[in-house]
Amino acid sequence: MDRILIATDGSAHAQEAVDFGLELAAEQQAAVTFVLAIPAVDVVPAGGFGLTAVSEHELEPEESEPLDRALQQAEAAGVRAQTRLLRGDAVDEIVAYADTIDADLIVVGSRGHGTLASALLGSVSRGILHEARRPVLVVRGAAGRKPLAPATA
């Protein structure tokens with residue numbers, strides 16, 4: 001395994017994916033690309049009666065903080081890493097970028113919604129599992145798990 005794509009959004013569930021993905025990358029001596037998908041446009045109210053307008057999403061400085069934190073964590077772990085900010089639908093952008101870099105694995109966190117909640121709310125991890133043409137690792141409820149065993153020579 002040479003390339004691992006780890007999706008993050010700064011949530012606790014995404015942090016579990018970052019932690020696990022970095023452990024795996026260190027074990028496999030793989031390079032990591034952290035990605036964060038932000039909306040391409042914002043839908044804003046434009047008057048009464050439910051009217052809306054669409055405007056290009058302006059990137060706020062704090063939106064890229066999850067990528068900065070993940071990169072610092074990778075450096076501390078001695079893992080080669082880079083970041084990429086994606087614009088658009090999270091599922092589509094993450095899957096397309098994984099294809100672009102020929103990632104060997106996509107790592108993503110999951111909130112752990114049940115079937116009904118996921119169907120109603122949607123799920124980025126479920127969407128990636130459905131759309132990706134490469135292996136996907138969904139990290140769910142990793143709190144309290146034991147670290148990966150170190151590789152033996």
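Q: How many residues does helix α1 have, and what distance does α1 reach from its first C-alpha to its last?

A: Helices (H or I, at least four residues) and strands (E, at least two) are DSSP runs, numbered from the N terminus. The expected span of a helix is 1.5 Å times one less than its number of residues. Helix α1 (residues 12–28) has 17 residues and reaches 24 Å, close to the 24 Å expected. Q29 follows α1, with a positive phi near 55°.

A: A word on the basis. This is a predicted model: local features need pLDDT of at least 70, side-chain atom pairs count only at pLDDT 80 or more, and totals for chains, interfaces and linings use all residues. Residues are numbered from 1 along each chain as its sequence is written, and side-chain values use heavy atoms, with hydrogens and water left out.

Q: Which residues of α1 are buried?

A: Buried means under 20% relative accessible area (1.4 Å probe, protein chains only). In α1 these are A14, E16, A17, V18, F20, G21, L22, L24 and A25. Their cover includes β1, β2, α2, β6 and β7.

Q: What is A7 in contact with, leaving aside neighbours within four places in sequence?

A: Contact means heavy atoms within 4.5 Å. A7 touches A14, A17, V35, I94, V107 and V108. A7 lies in strand β1 and is buried at 6%.

Q: Where is confidence lowest in the protein chain?

A: pLDDT is the predictor's confidence in each residue, from 0 to 100. Helix α4 (residues 115–121) is lowest, at a mean of 43, while β1 is highest, at 98. Where pLDDT is low, the predicted coordinates should not be read in detail.

Methods
Buried means under 20% relative accessible area, exposed over 50%, partly exposed in between (1.4 Å probe, protein chains only).
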